[in-house]
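Subject: Structure handover and notes

Dear colleague,

I am handing over the structure below, followed by my notes on what was found in it. Please read the notes with the coordinates open beside you.

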Amino acid sequence: MDPYQSALVWAAMTIVSTYLVAFAYRNTKFILKHKVAQRREEAVNREVMKSLGDDKKMSRKEKDERALWKKNEVADYEATTFAIFYNNAFYLVLAIILSFYILKTTTPTINYILTISATSGILALFSTGSQ
């Protein structure tokens, strides 16, 4: 594929792929955040209460609010990192299978277009289901 002749195809597929992969990241993160928050709740509460336990000026409500804020922060971070890892790994496996095994007899331009669009589309589709 000559870079000058294929620049438009590369740009268009990059935009489409970026949108669909970002959509998949967002969906996967949303699904995982609640699950991670439930699993980490006790440990985060224990850590926050341990650090704020000696502070007599703070009311119980303020301590609970800080624990909730910290739990959401931890859940958001962990869900984001896992969603990136999971989606990137799935994208890579799909791209390799499609490109090197299923579409190996097609021309490079068609192979690229079908591989990138199908991989991004499948990734976005699978991210919409509940896990």
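The side chains of lysine 29 and aspartate 76 meet in a salt bridge, with 2.8 Å from N to O; the term stands for a side-chain nitrogen of Lys or Arg within 4 Å of a carboxyl oxygen of Asp or Glu. This pair links distant parts of the chain, since lysine 29 belongs to helix H1 and aspartate 76 to helix H2, 47 residues apart; helices here are DSSP runs of H or I with at least four residues, numbered from the N terminus. Lysine 29 is partly exposed, with a relative accessible area of 27%, and aspartate 76 is partly exposed, also with 27% (buried means under 20% relative accessible area, exposed over 50%, partly exposed in between, with a 1.4 Å probe and protein chains only).

Before going further, please note that this is a predicted model, in which local features need pLDDT of at least 70 and side-chain atom pairs count only at pLDDT 80 or more, while totals for chains, interfaces and linings use all residues. Residues are numbered from 1 along each chain as its sequence is written, and side-chain values use heavy atoms, with hydrogens and water left out.

By the salt-bridge rule the count comes to six. One of them joins the side chains of glutamate 41 and lysine 71, at 3.8 Å from N to O; because glutamate 41 lies in helix H1 and lysine 71 in helix H2, the pair ties together parts that are 30 residues apart in sequence. Glutamate 41 counts as partly exposed at 35% relative accessibility, whereas lysine 71 is buried at 13%. Another salt bridge is formed by the side chains of glutamate 42 and arginine 46, at 3.5 Å from N to O, and these two residues are four apart in helix H1, so about one helical turn separates them. Glutamate 42 is exposed, with a relative accessible area of 59%, and arginine 46 is exposed as well, with 52%. Salt bridges that share partners also join Lys29, Lys33 and Asp76 into one network.

Helix H1 itself, residues 3–52, has 50 residues, yet its end C-alpha atoms are only 59 Å apart, short of the 74 Å that a straight helix would reach at 1.5 Å a residue (the expected span is 1.5 Å times one less than the number of residues). H1 bends by about 50° at arginine 40, where the bend is the angle between axes fitted to the seven residues ending there and the seven starting there.

The structure also holds four aromatic pairs, meaning rings of Phe, Tyr and Trp (its six-membered ring) with centres within 6.5 Å, called stacked if the planes are under 30 degrees apart, edge-to-face if over 60, and tilted otherwise. Phenylalanine 82 and phenylalanine 85 form a tilted pair, 6.4 Å centre to centre with 45° between the planes; they are three residues apart in helix H2, so about one helical turn separates them. Phenylalanine 82 is partly exposed at 40%, whereas phenylalanine 85 counts as exposed at 56% relative accessibility. Phenylalanine 82 also forms a stacked pair with tyrosine 86, 6.1 Å centre to centre with 25° between the planes. Ring pairs link Phe82, Phe85, Tyr86, Phe90 and Phe126 into a cluster.

With kind regards
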